[in-house]
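Subject: Structure for your files

Hello,

Please find the structure below. My notes on it come after.

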There are 2 protein chains.
Amino acid sequence: MDSWDDLRYFQAVAETGSLTGARKRLGVNHSTVFRRIKGLEEKLGVRLFERWDARYQLTGAGELLMVRVEQVAEAIDDVDRMILGGDQTLEGKVRITCPDGFAYYQLPPLLAEFRALYPGIEIELLADSDDLNLSRMEADIALRATNNPPEHLVGRKLMTMPWQLYGSERFAHGQSGVYTAKTLSGMPVIGPERALLRLKPMQWLEKHCSAVSIVARANTLMGMAALVKAGLGVALLPDDVADGLPPLGSLDREFQSDLWLLTHRDLRSNARVKACSQFLTERLMR
Amino acid sequence: MDSWDDLRYFQAVAETGSLTGARKRLGVNHSTVFRRIKGLEEKLGVRLFERWDARYQLTGAGELLMVRVEQVAEAIDDVDRMILGGDQTLEGKVRITCPDGFAYYQLPPLLAEFRALYPGIEIELLADSDDLNLSRMEADIALRATNNPPEHLVGRKLMTMPWQLYGSERFAHGQSGVYTAKTLSGMPVIGPERALLRLKPMQWLEKHCSAVSIVARANTLMGMAALVKAGLGVALLPDDVADGLPPLGSLDREFQSDLWLLTHRDLRSNARVKACSQFLTERLMR
DNA sequence: CGCTCTTTTTGCATTTTTGCAAATATCGTT
DNA sequence: AACGATATTTGCAAAAATGCAAAAAGAGCG
């Protein structure tokens, strides 16, 4: 594909269904549109449109191409609604990535509120269990549980989330509400699957509680929380995935994660990103 | 973004790190590259490159843009390695979508074999629990468990997969190996989460076995199978997610899914797609 | 049928882009 | 210091793309 622009013409014709429609959208002469479509079909050696009733109708091959071109167009839209010297309009998308607990519980009500304030801003919410692609920064705003955020991103610490022991009350240990590696031994514990072993509290659990009976394991904190709710046992979890469930108690060893709201340095001047991150910061710091 | 081609120049410079590198890759004059980059920076009003040591180094804004442009480029690559009048080379990608059980168990060994036969073909494997986006057909080849495939796709039925009861032997019911809604009542059953209720066997389970004690639920068949393996209970599953686990027995009511291999009509002439789908068809029909 | 709208197609003028050559600057290496 | 490689910049000519006008053809509609 030596000319990406050809696809732009193709898309315009496919979506408007006529040369004149495309002509208007692209703001060029209709013969230009005609020549580029013709050229593209010749280059590809495939008929992309069926000319019926003076309308441009996609052929099978055309539809196949259109699927890809839509993906291209969406990626281009992403380019558009970015930097561009600080887009000051309050219309368009903002993409947020966050731990899955926040995607399910904490954020939705806040985002509903936010949309009422800024009806023009469309929110794309990406639940993200792995924080690997932080350096790529494919979202505009990232909520991340980390104790030292990468330096190429800017943001602030919103809260520290304690890890506590969750589970049905029938597992309660009675006494002080403080649990140790020993007291856990008698209880059915929900443990981490390999993917979660990068988390410090989980490492501690595996190391100091080898004698504990693990009744189930999950590869996400949400999964662990779901098992807790199903009454299978107790688990060590950060507050955000608990969804209002009261904690059984805390551990003698204290764990906590810092929650950061991060954006890319060059997105700070973008009005949508600014509005959204300020709103979230303000509401989550309460 | 009125010129998609500008991004092509941007990408070439960013990846080669110099004007001359980009010049060579694009096969154009260096001043053309220079002028387009300069024009793009002016249009965006942002500096995209830092000129140090006679090298083009991306600025922060440039890196942000590059993330998006990479997505654009990948989408364009997808356009390239498509139809194009039946690509006869055996080099490039083929994208397969399939139920997650196949992605984890059945396909990997077959694909290893396939890669040995066609080292130039790169396989992209998409585990796909929802078969909604079939009409979009974002993959080249789809393996789908359905009893009536959409007519705009062509393909063939590879096998019929029975649904059987799986679980640890200690749950075995002894007698005939045939289970009914009644005999299930005494056993710990792993049920479907809402997302799985579109499957007929799961609807049957919910309807006729309301008295059954559900000990856990999952939103994917793989998740259910994982719970079965963990010994939590028994579940009704298609063979593909069982991963060699022997079935406990079958039900009095018989369930089965047909597995289809589907491709788009206009991809049949593509050599890679043909090679891959023929290979998979042949091996999976045994 | 006559009217309008759109596609299709072709010349030609105009505009834009590109290639080319040349001159200068910068940097690293020898 | 000299050299080579690359970036930067500019004028001009060549090439390519586009706009414009016009004309033929088909379809829809009253």
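Predicted model: local features only at pLDDT ≥ 70, side-chain atom pairs only at ≥ 80, totals over all residues.

Residues are numbered from 1 along each chain as its sequence is written, chains are lettered from A and ligands numbered from 1 in the order in which they are written, and side-chain values use heavy atoms, with hydrogens and water left out.

DNA strand D

There are 15 residues around DNA strand D, and A:Thr32, A:Arg36, B:Leu19, B:Arg51 and B:Tyr56 come nearest (a residue is near a strand if one of its heavy atoms lies within 4 Å of it). By class, the surface near DNA strand D divides into six nonpolar, five polar and four charged residues; here Ala, Val, Leu, Ile, Met, Phe, Trp, Tyr, Cys and Pro count as nonpolar, Asp, Glu, Lys and Arg as charged, and the others, Gly among them, as polar. At least two residues of this surface come from each of α3 (30-44) of chain A, α2 (19-26) of chain B and α3 (30-44) of chain B (helices, H or I, of at least four residues and strands, E, of at least two are DSSP runs, numbered from the N terminus). The largest share, four residues, is that of α3(A).

Sugar or phosphate accounts for 72% of the atoms of DNA strand D within 4 Å of the protein, and bases for the rest.

Aromatic pairs

Over all chains, the whole structure has 10 aromatic pairs (rings of Phe, Tyr and Trp, the last by its six-membered ring, with centres within 6.5 Å; planes under 30 degrees apart are stacked, over 60 edge-to-face and the rest tilted). One of them, A:Phe49 with A:Tyr56, is edge-to-face, at 5.2 Å centre to centre and 70° between the planes. A:Phe49 is buried at 0% relative accessibility, and A:Tyr56 is buried at 12% (buried is under 20% relative accessible area, exposed over 50%, partly exposed in between, with a 1.4 Å probe and protein chains only).

In chain B, the ring centres of B:Phe10 and B:Phe49 are 5.5 Å apart with planes at 45°, so this pair is tilted. B:Phe10 belongs to helix α1 (residues 4-16) and B:Phe49 to strand β1 (residues 49-52), so the pair ties together parts 39 residues apart in sequence. Back in chain A, ring pairs link A:Phe10, A:Phe49 and A:Tyr56 into a cluster.

Pocket and cavity

On a 1 Å grid over the protein atoms alone, a cavity is a set of points where a 1.4 Å probe fits but cannot get out, and a pocket is an open set with protein on both sides within 12 Å along at least five of seven lines; lining residues have an atom within 4 Å of a point. Points are joined across faces, edges and corners, and a volume is the space filled by probe spheres set on the points.

The largest pocket holds about 1,500 Å³. Its lining has 37 residues, with A:Asn219, A:Thr220, A:Gly223, B:Asn219 and B:Gly223 nearest the centre. That lining divides into 21 nonpolar, seven polar and nine charged residues.

The structure has one cavity of 30 Å³ or more. The volume of the largest cavity is about 40 Å³, and its lining divides into nine nonpolar, no polar and no charged residues.

Regards
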